[in-house]
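I opened this model to look up a few places in turn. These are my notes, in the order I made them.

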Amino acid sequence: MTKRVLVTGGAGYIGSHAAHALVDRGDEVVIIDRLSTGFDWLVPAAADLVVADIGDTERVASLLQDGGFDAIMHFAGSIVVPESVADPLSYYENNTVKSRGLIECAVRAGVPHFVFSSTAAVYGSVGSEPVAEDTPLRPESPYGSSKLMTEIMLADAARAHDLTYGVLRYFNVAGADPAGRTGQSTKGATHLIKVAVEAAVGKREGIEIFGEDYQTADGTCVRDYIHVTDLVAAHLLALDRLRDGGDSLTANLGYGHGFSVKEVLQTVDDVAGPIRKTMGPRRPGDAASIVADASKARRELNWQPQHDDLTGIVEDALRWERHLQTRNEATTN
Ligand code: UFG
């Protein structure tokens, strides 16, 4: 079978990195993206881009039918936790209902493999210990629930049909393609490293630290930041496993150690020069510490991360942010 992958959300942050990585190693790539938060200029030149909503199941079905695809990598979705609390039904529509339609199209067209972008938010609040995959799943936001429901649908569909899947639960994804071809370009991003590098290039006045009274070493929240290149590498390994006839798998993707907000911001200061920080109240819904037990991905996928270095993550994120700024100036002048 041809190695041909449909990448949903392939014009977005993580999807575009995956599309580049697949093209780099010789897979054929077709991207479907409605360009609501993604950009066509992030897509590799060798990939075909279909500008459409994955909820357009007629379009997806006709793409998959006789399209020669042996896999779908599904990144399209909404990702902002507080937004999901304010507007849950749009999250269930966008993340759950549309994923259901996509899985059904895959089954009907006989696409044998499915790799799904899930999240640590399926666990809900956890203690300070690293979280393994067998931790009870108690999502605390519609975002987490919407992703968990897709995990459940995939598992059930795989039991009933000729389908194997990889579910990858992301911790805090950051950084950008070291080759500078793509990076996080979302407008109004809320993620710590993205916000901090935006401040470093002068796109924002500074950054607010959301709470310093947590039960952690310096009082700020601890997260497991993973470089997007390592994250994407695990997707390709998961796909290879399925193509080689391996079993479906659900695995965490993180490095297994965390950094506090203050440590991250100190690293940004070291790399980019000091940014302005203000102390603010806690952000509702933030857990004190969330760190992955990622031993399963290393063991089962032989995943060997190459970018487990916070300074490198920040440098790559900053380089991309500078690139965006130059690009912006070039297009507005
Ligand atoms: N933070 C700040 N100031 C900011 C932005 C973030 O202090 O301007 C803090 C947050 O309060 C939090 C930490 O930085 O303590 C990380 O926040 P992010 O928003 O970068 O990431 P989250 O840990 O909240 O979210 C991540 C993923 C979600 C996923 C969640 C599950 O981005 O998709 O983990 O744990 F659902």
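**Basis.** I am working from a predicted model, where local features need pLDDT of at least 70 and side-chain atom pairs count only at pLDDT 80 or more, while totals for chains, interfaces and linings use all residues. Residues are numbered from 1 along each chain as its sequence is written, and side-chain values use heavy atoms, with hydrogens and water left out.

**Entry 1: D27.** I found D27 in the loop between α1 (13-24) and β2 (28-33). Helices (H or I, at least four residues) and strands (E, at least two) are DSSP runs, numbered from the N terminus. Is D27 buried or exposed? D27 counts as buried because its relative accessibility is 7%; buried means under 20% relative accessible area, exposed over 50%, and partly exposed in between, with a 1.4 Å probe and protein chains only.

I then looked up polar contacts (pairs of N or O atoms within 3.5 Å; within protein, one must be able to donate a hydrogen and the other to accept it, and residues adjacent in sequence count only if both atoms are side-chain atoms). The D27 side chain has one with the side chain of R25 at 3.1 Å and one with the side chain of R243 at 2.8 Å.

**Entry 2: strand β5.** I noted that seven of the seven residues of β5 (residues 113-119) are buried, so the strand is largely enclosed by the rest of the structure. In a regular strand the side chains alternate between the two faces of the sheet. In β5, H113, V115, S117 and T119 point one way, F114, F116 and S118 the other way, and all are buried.

Which strands pair with β5? Pairing requires that DSSP finds at least two bridges between two strands. β4 (residues 71-74) pairs with β5 in the parallel sense over four bridges, with A71 opposite H113. β6 (residues 164-170) also pairs with β5 in the parallel sense, over seven bridges, and there L168 is the bridge partner of S117.

**Entry 3: the ligand.** The ligand is surrounded by 21 residues, the closest being L192, E208, R223, R283 and D286. The largest share of this shell, four residues, comes from β8.

I also checked ligand oxygen atoms against side-chain N or O atoms. Such a pair is 2.7 Å apart for R223, 3.0 Å for N172 and 2.5 Å for D286.

How values were computed
A residue is near a molecule or strand if one of its heavy atoms lies within 4 Å of it.
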